[in-house]
Amino acid sequence: MKLLSLQRRMARAVMTPLTPSERMRSVAPDGRSMRAVASEIIKPNDRLTSFERLEIYNRQYWFRILSGFAEDFPGLRAVLGGNRFDRMAKAYLTDCPSQSFTLRNLGSRLEAWLQKNPSWTAGRRDLALDMARLEWADIEAFDGGAEPTLKPEHLASANTAKLRLRLQPYVQLLGLRYPVDDLLLEVRKGDDDAEVASNAFSERHHQKRVSAVAKLKPSPIFLAVHRMDDSVYFRRLQRDEFAILTALRDGKPLKSAVEHALRKSSGDPEELAANVQHWFQTWAVLGWFCRIEDKKSTGTDRSKALQRPSRRA
Amino acid sequence: MPANRFNNFTDYGIGIGLRAPHYHHILTRKPVVDWFEIISENFMIDGGRPLHILDQILEQYKVVQHGVSMYFGSAERPNKEHLRRLKTLVQRTNTPWLSDHLCWGSVDGRYSHDLLPMPYTFEAARITAQKVREVRDFVEVPVVVENVSSYAEFHVSEMTEWEFLNEVVERADCGILLDVNNIYVSSRNHSFDPYTYVNSVPAERVAQIHIAGHSKYKKYILDTHDHPVIDPVWKLYERAIERVGHTATLLEWDDSIPSFDEVHDEALKANRFLAGASLAKAV
């Protein structure tokens with residue numbers, strides 16, 4: 001048997017979901033006996049059959065990816081409840097096995113998968129989707145790239161009509177329907193406390209809190225999931241603030257991003273202008289803007305730029 | 001004193017794995033440790049705390065990279081994104097050599113995140129050696145391959161595990177990370193003499209040695225890295241050191257991780273044997 005053929009056969013068996021009692025299934029996905037599949041490729045020894053030897057790998061695979069996945073989505077687990085989450089996780093990882101060299105990316109397709117498979121979130125669909133998005137954004141914000149930050153002097157010669165401000169890659173912008181940020185923080189705190197209490201107590205506490213949030217009338221919240229001093233934070237944003245940041249992230253020049261974002265705003269123009277100024281100051285202090293490197297694409301006034309030494313090393 | 005060409009002529013002593021529960025201790029107490037081994041994949045990211053911690057470690061300590069998902073033995077070609085990120089990390093750490101496992105774990109772009117055993121065939125040896133060369137040429141540091149613990153053997157195998165290891169490293173002209181705990185675990189699971197294995201390895205290619213603990217079940221032994229090293233593994237280590245001389249040695253402890261001092265003290269037990277090797281060489 002050729003190497004590729006053997007590896008395909010073994011991988012199919014190893015990635016076959018376990019039985020409810022966490023043993024290897026007796027029937028392979030193609031309907032054949034798993035004992036026959038195992039016997040064809042694996043030798044028995046004096047203590048274990050071919051099936052039992054293959055089962056060691058089958059069980060290790062599922063234990064590893066399920067624990068990694070559960071670690072990444074404690075909030076979604078709280079929303080769905082432990083049993084439903086565990087069944088959902090097996091279904092998701094069966095449909096979407098890892099395509100990455102790192103377990104970090106296990107949940108990268110979860111939100112899209114949940115959208116396509118609404119039965120797993122029945123009764124709490126929007127809440128579950130919001131939580132899945134938030135927890136994935138949290139992962140992205142934790143180890144996303146950070147570029148040198150923009151300093152006021154970098155803008156001295158900028159043409160604001162053409163200037164494009166880039167957000168740091170680690171800044172994640174989310175429009176959500178439920179206050180899942182508060183809920184996730186409570187779940188995490190509860191899990192920390194559970195180290196000294198029982199898991200059952202923790203699960204009951206989560207369910208009470210989730211039920212309370214689920215009863216809330218959906219109301220849009222806007223969130224930036226970002227990083228400061230290597231810790232991830234959730235920052236609530238105002239609607240207009242979120243709209244400007246989203247327009248900048250979409251690549252709109254600064255002037256049109258602000259105009260586009262505020263076109264539907266009905267507030268006092270002076271107050272709005274003051275708000276916009278305050279928001280930009282805050283974002284700059286938080287280091288959310290990347291330093292401008294490419295003078296052409298950022299709309300820097302070229303006649304002035306030519307008189308300056310290059311910032312590139 | 002230089003070691004060998006497969007570990008870039010370094011003379012490293014006893015290291016331990018860099019693990020998150022020990023970060024605070026290491027950064028605040030700055031204990032004397034010969035070197036740390038990092039899991040490459042944990043740092044093949046774009047930013048954030050892990051890289052910040054790594055940079056602080058690099059300011060004080062020597063670091064060697066150890067991978068868990070290059071899967072030299074997978075029939076498919078190396079993943080380009082994986083290679084690109086690995087090389088970026090190599091440039092950051094200046095690792096003197098790079099290790100990963102003699103196993104497979106992905107097929108058709110799907111990853112098992114496990115170290116799956118190789119069929120010991122000439123075809124597999126040829127494919128594996130080609131991949132080792134490809135990775136080495138890309139990352140531009142010596143690559144060494146580690147023998148894994150296994151729980152299954154294939155009907156198609158044409159040679160023993162140690163013959164397969166030798167076949168791969170000769171074809172790839174690469175070094176070996178000899179994991180003596182893995183040899184012990186596999187020897188119990190497959191009923192072979194672990195000393196035959198250790199005595200068959202080309203000593204001049206051994207760039208590094210791993211030691212670790214494991215878990216014993218009724219019908220097999222599992223490589224869990226969650227216990228101290230047992231005496232039979234230390235004896236096997238002693239024999240390996242007799243053959244290969246003073247070699248960079250690392251204790252792996254990845255689950256139920258005790259205090260830093262406990263892990264380091266366990267690793268330093270290797271000094272008993274390394275000191276003997278140095279003395280023998282001097283005489």
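Which residues does B:Val145 touch, not counting residues up to four places away in sequence? B:Val145 touches B:Phe72, B:Asp100, B:His101, B:Leu102, B:Val132, B:Val168, B:Val169, B:Cys174, B:Ile176 and B:Leu177. Contact means C-beta atoms, placed from the backbone, within 7 Å.

Before moving on, note the conventions. Residues count from 1 along each chain as its sequence is written, and chains are lettered from A in the order written. As the model is predicted, local features need pLDDT of at least 70 and side-chain atom pairs 80 or more, while totals for chains, interfaces and linings use all residues.

Next, show the largest nonpolar core, with 156 residues. Such a core joins buried Ala, Val, Leu, Ile, Met, Phe, Trp, Tyr and Cys residues through C-beta atoms within 7 Å; buried means 20 or more other C-beta atoms within 10 Å of a residue's own. B:Val145, B:Ile176 and B:Val180 touch the most other members. Helix α7 (125-143) of chain A gives the most to this core, 9 residues.

Now go to the open sheet of chain A: three strands, order β1-β2-β3, antiparallel. Its edges are β1 (172-176) and β3 (231-237). Pairing requires at least two DSSP bridges. Between β1(A) and β2(A) (221-228) there are 5. Pick A:Gln172; its bridge partner in β2(A) is A:Val225.

Finish on α7(A), which packs on the sheet and touches β1, β2 and β3 of chain A.

Definitions and conventions. A residue is buried if 20 or more other C-beta atoms lie within 10 Å of its own, exposed if 12 or fewer, and partly exposed in between; C-beta atoms are placed from the backbone. Helices (H or I, at least four residues) and strands (E, at least two) are DSSP runs, numbered from the N terminus. Two residues are in contact if their C-beta atoms, placed from the backbone, lie within 7 Å. Axes are lines fitted to C-alpha atoms, for helices over the stretch in contact, and angles run from 0 to 180 degrees between N-to-C directions.
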